[in-house]
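Please keep the model open as you read.

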Amino acid sequence: MNHEPASTRVRTPVVASRLPKVGTTIFTVMSALALERGAVNLGQGFPDFDCDPALLDAVNNAMRTGLNQYPPMAGVPTLREAVARKIEALYGRAYDVGTEITITAGATQAILTAILAIVHPGDEVILLDPCYDSYEPNIVMAGGVPVHVPLMPGTFAPDFARIAAAITHKTRALVVNTPHNPSATVWSAQDMQRLAELLRSTDIVLIADEVYEHMVFDDRLHQSVARFPELAARAFLISSFGKTYHVTGWKVAYAAAPATLMAEFRKVHQFNVFTVNTPMQHGLARFMAEPSHHLGLAAFYQRKRDLFRAGLAATRLRLLPSQGSYFQCVDYSAVSDKTEEAFCRWLTTEIGVAAIPLSAFYSGGFEQKLARFCFAKKDETLNLALERLAKL
Ligand SMILES: Cc1ncc(COP(=O)(O)O)c(C=O)c1O
């Protein structure tokens, strides 16, 4: 018989956090504030409109025809074939469908999987700040060391001298994101060439986050790693169906990489996710067969960008270039001298439009009086936001 009082027997163990620095993100905070104050939420990075009904029909059809059990571990073959065809048509590199493409549960999982597959404890991974918030905790989970190098303040161009200076014998990987969240800049062909030169004599793996690949404006070309054989030979190329087809909640994406890298990736994928849901993959494969569904995205978002920029031009907010992605950054220094977070809180509560401070994307924060808006919204949402922002 156990004579201990129940209060000492029933006890949840105290665990040391694997990610002690992770707390509530600014995205959660601003979204909650926007909801509470009835603000137009241009902080959240996803569409407030629905996807093409033909995509829903394709998924529905897959479900109703019994495609509901585990697919192959690497993904439904027709979807991998469609991905390989698209990459080859757009960027000229042929990835092997059997060994070089894997369907993932969102780009977030693909990035984590790539990092877990290649980063050993103590390895360094270079991140270019500002950057997407999952990279750093992913590296920490692998036991690696994040090394933050800033993009150039003002232009967000890669600072190759600083990247070169950050490379050590422990550098295992570098994460590059173009089109870029949050700055909305895109890398040029010259940037990619310089990157290739910089990495040539190293064994550094490139993690290329290209989730906004189809949102590049003003007749620019997306400079995928797949266009540069030297880079593609050392890269995980990651893209997201969620971004491309307005279905961020489906969490379906893909990774493409040379077979030896992909073999390691699949070892992690197999014992973490194993497979990604079947009917979505069949539906996406069918929908992707029509290239206009991804090729039309740049014009679709460029029109929204132009509508939003035309409205903002009448305010004292200074517009930064938006070359790609669905973001628009503004410099608010003519309006306020508040810190970025304080300004975004004020904008949400007093003006009724939510935005995200750029400092949230920097390790340790960095104040430039910049805020990020997302224009992946219905025209009526953008117009309502512009009506309110007209006060500035
Ligand atoms: C730069 C970047 N990478 C990755 C992701 C995540 O994509 P997914 O929703 O497919 O996981 C996002 C989403 O906001 C992003 O902005």
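A polar side-chain atom of Thr 108 lies 2.6 Å from an oxygen atom of the ligand, a polar contact in the sense of N or O atoms within 3.5 Å. This is a predicted model: local features need pLDDT of at least 70, side-chain atom pairs count only at pLDDT 80 or more, and totals for chains, interfaces and linings use all residues. Residues are numbered from 1 along each chain as its sequence is written, and side-chain values use heavy atoms, with hydrogens and water left out.

**Ligand site**
- Tyr 212 also places a polar side-chain atom 2.6 Å from a ligand oxygen.
- At Ala 107, a polar backbone atom is 2.7 Å from an oxygen of the ligand.
- The residues around the ligand (a heavy atom within 4 Å) include Asn 177, Asp 209, Ser 240 and Lys 243.
- Helix α5 (residues 106-118; helices are DSSP runs of H or I, at least four residues) gives the most to this shell, with three residues.

- A cavity is a set of points on a 1 Å grid over the protein atoms alone where a 1.4 Å probe fits but cannot get out; lining residues have an atom within 4 Å of a point.

**Second largest cavity**
- This cavity holds about 40 Å³ of space.
- Among its lining residues are Lys 86, His 214, Ser 240 and Met 288.

Note on methods:
A polar contact is a pair of N or O atoms within 3.5 Å; within protein, one must be able to donate a hydrogen and the other to accept it, and residues adjacent in sequence count only if both atoms are side-chain atoms. Helices (H or I, at least four residues) and strands (E, at least two) are DSSP runs, numbered from the N terminus. On a 1 Å grid over the protein atoms alone, a cavity is a set of points where a 1.4 Å probe fits but cannot get out, and a pocket is an open set with protein on both sides within 12 Å along at least five of seven lines; lining residues have an atom within 4 Å of a point. Grid points are joined across faces, edges and corners, and a volume is the space filled by probe spheres set on the points.
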